[in-house]
Amino acid sequence: MSLTKNDLLVLGFLLERPMHGYEIGQALKDEQVELWFEISTAAVYYSLNKLHRLGLIAEAHSRGISGDRTVYHVTKPG
């Protein structure tokens, strides 16, 4: 299993708390990650899919005001 910097960054944010993809993107902006590391929205979702396939994160579906969301959280192997 080979994890990229993007994968590790996304996994690190999910260690703080479960989040959905948009929330991770907002957290990246809030923490001003772009000052030292460039990661696109597409790259966040690619990493989420990869980490899910590898069993390092799991997903749960929730319904909110803005519609259905997939919330990700770190699994024990993650």
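Let's start with the helices: α1 and α3 are roughly perpendicular to each other, a label that covers angles of 65 to 115 degrees, with under 35 roughly parallel, over 145 roughly antiparallel and the rest oblique. Their packing angle is about 80°, and the axes are 9 Å apart. Axes here are lines fitted to C-alpha atoms, for helices over the stretch in contact, and angles run from 0 to 180 degrees between N-to-C directions.

A word on the source. This is a predicted model: local features need pLDDT of at least 70, side-chain atom pairs count only at pLDDT 80 or more, and totals for chains, interfaces and linings use all residues. Residues are numbered from 1 along each chain as its sequence is written, and side-chain values use heavy atoms, with hydrogens and water left out.

Back to the helix pair. Which residues of α1 meet α3? They are Asn 6, Asp 7, Val 10, Leu 11 and Leu 14. On the α3 side are Ala 43, Val 44, Ser 47, Leu 48, Lys 50 and Leu 51. Contact means heavy atoms within 4.5 Å. By class, this contact has 7 nonpolar, 2 polar and 2 charged residues. Ala, Val, Leu, Ile, Met, Phe, Trp, Tyr, Cys and Pro count as nonpolar, Asp, Glu, Lys and Arg as charged, and the others, Gly among them, as polar.

Now the sheet. It is open, has 3 strands in the order β1-β3-β2, and pairs antiparallel. The edge strands are β1 (19–20) and β2 (57–64), each pairing on one side only. Strands pair if DSSP finds at least two bridges between them. β2 is joined to β3, residues 67–74, by 8 bridges. Glu 59 stands opposite Tyr 72 in β3. Helices (H or I, at least four residues) and strands (E, at least two) are DSSP runs, numbered from the N terminus.

α1, residues 5–16, lies across β1, β2 and β3, at about 95° to β3. α3, residues 41–53, lies across β2 and β3, at about 120° to β2.

Next, helix α2, residues 21–30, which holds Ala 27. Is Ala 27 buried or exposed? Buried, because its relative accessible area is 13%; the cut-offs are under 20% for buried, over 50% for exposed, partly exposed in between, with a 1.4 Å probe and protein chains only. Ala 27 touches Phe 13 and Met 19, not counting residues up to four places away in sequence.

Last, two more side chains. Trp 36 is exposed at 58% relative accessibility. Phe 37 is buried at 17%.
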